[in-house]
Amino acid sequence: MSDPCRWAGKRALIVEDEAILRLHLGDMLEDLGCIVLDLATTLPAATALATTSEAEFAVLDVNLNGQLVFPAADQLHARGIPFLFCTGYGADIVPSRFATVPTIRKPFEELELRRAVNKI
């Protein structure tokens, strides 16, 4: 059996522009015992929530309708809120300043998400 999710009962911010993936990711996080607190679908919304959300961790899609999520990641990092990236492009797209941030490749299964979430 897999280890329990270390973020069970904690509030999550999801940043994902594709509706189906956003819903699926929310369901997977809830299955892991997490609380989906905030959702963002655009870079401006993600950046705003990164500065105001009371989320305890975040899952960030790297590419939001052609805009890279890294300004929001910088805000989360400055606030000490851990996060992970999910991307269809692979980890090479992630800047070196985020080299230690877990990155999972889409599509992913719940076990991969659990492992990545447990690393943050």
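Predicted model: local features only at pLDDT ≥ 70, side-chain atom pairs only at ≥ 80, totals over all residues.
Trainee: What comes just after α3?

Mentor: Gly80, with a positive phi of about 75°.

Trainee: Switching to the sheet. What is the strand order?

Mentor: The order is β2-β1-β3-β6-β7. Those 5 strands make an open sheet with parallel pairing.

Trainee: Which strands stand at the edges?

Mentor: β2 (35–40) and β7 (103–105). Each has a single partner strand, so one side of each lacks a neighbour in the sheet.

Trainee: What does the twist average?

Mentor: From one strand to the next, the twist averages 20°.

Trainee: How many bridges join β3 to β6?

Mentor: 4 bridges, and the two strands run parallel. As for a residue pair, Leu60 stands opposite Phe85 in β6.

Trainee: Back to the helices. Which strands does α2 touch?

Mentor: α2 packs on the sheet and touches β1 and β2. The direction of α2 makes about 135° with that of β2.

Trainee: Which strands does α3 touch on the sheet, then?

Mentor: β1, β3 and β6. Between the directions of α3 and β6 the angle is about 165°.

Trainee: How do the axes of α2 and α3 cross?

Mentor: At roughly 5°, and they come within 8 Å. That angle is why α2 counts as roughly parallel to α3.

Trainee: Which residues meet there?

Mentor: From α2, Leu43, Ala46, Thr47, Leu49, Ala50, Thr51 and Thr52. From α3, they meet Pro71, Ala72, Gln75, Leu76 and Arg79.

Trainee: New topic, cysteines. How many disulfides does the structure hold?

Mentor: The count is 0. Cys5 is in no disulfide, and the nearest cysteine sulfur, that of Cys34, is 4.0 Å away. A disulfide needs the two sulfur atoms within 2.5 Å.

Trainee: Is Cys5 buried or exposed?

Mentor: Buried, because its relative accessibility is 6%.

Trainee: What about Cys86, how far is the nearest cysteine sulfur?

Mentor: 14 Å away, and again it belongs to Cys34. Cys86 is in no disulfide either. Cys86 counts as buried too, at 1% relative accessibility.

Trainee: Last topic, backbone geometry. Where is there a cis peptide bond?

Mentor: Between Lys106 and Pro107, with omega about -10°. Pro107 lies in the loop between β7 and α4 (110–119).

Trainee: Which residue has a positive phi although it is not a glycine?

Mentor: Asn65, at about 50°.

Trainee: Where is the place of Asn65?

Mentor: In the loop between β4 (63–64) and β5.

Trainee: Is Asn65 buried or exposed?

Mentor: Exposed, because its relative accessible area is 60%.

How values were computed:
Residues numbered from 1 in each chain as written. Heavy atoms only, no water. Buried < 20%, exposed > 50% of the residue type's maximum accessible area, 1.4 Å probe, protein only. Pairing = 2+ DSSP bridges. Axes fitted to C-alpha atoms, helices over the stretch in contact; angles between N-to-C directions. Contact = heavy atoms within 4.5 Å. Parallel < 35°, antiparallel > 145°, perpendicular 65-115°, else oblique.
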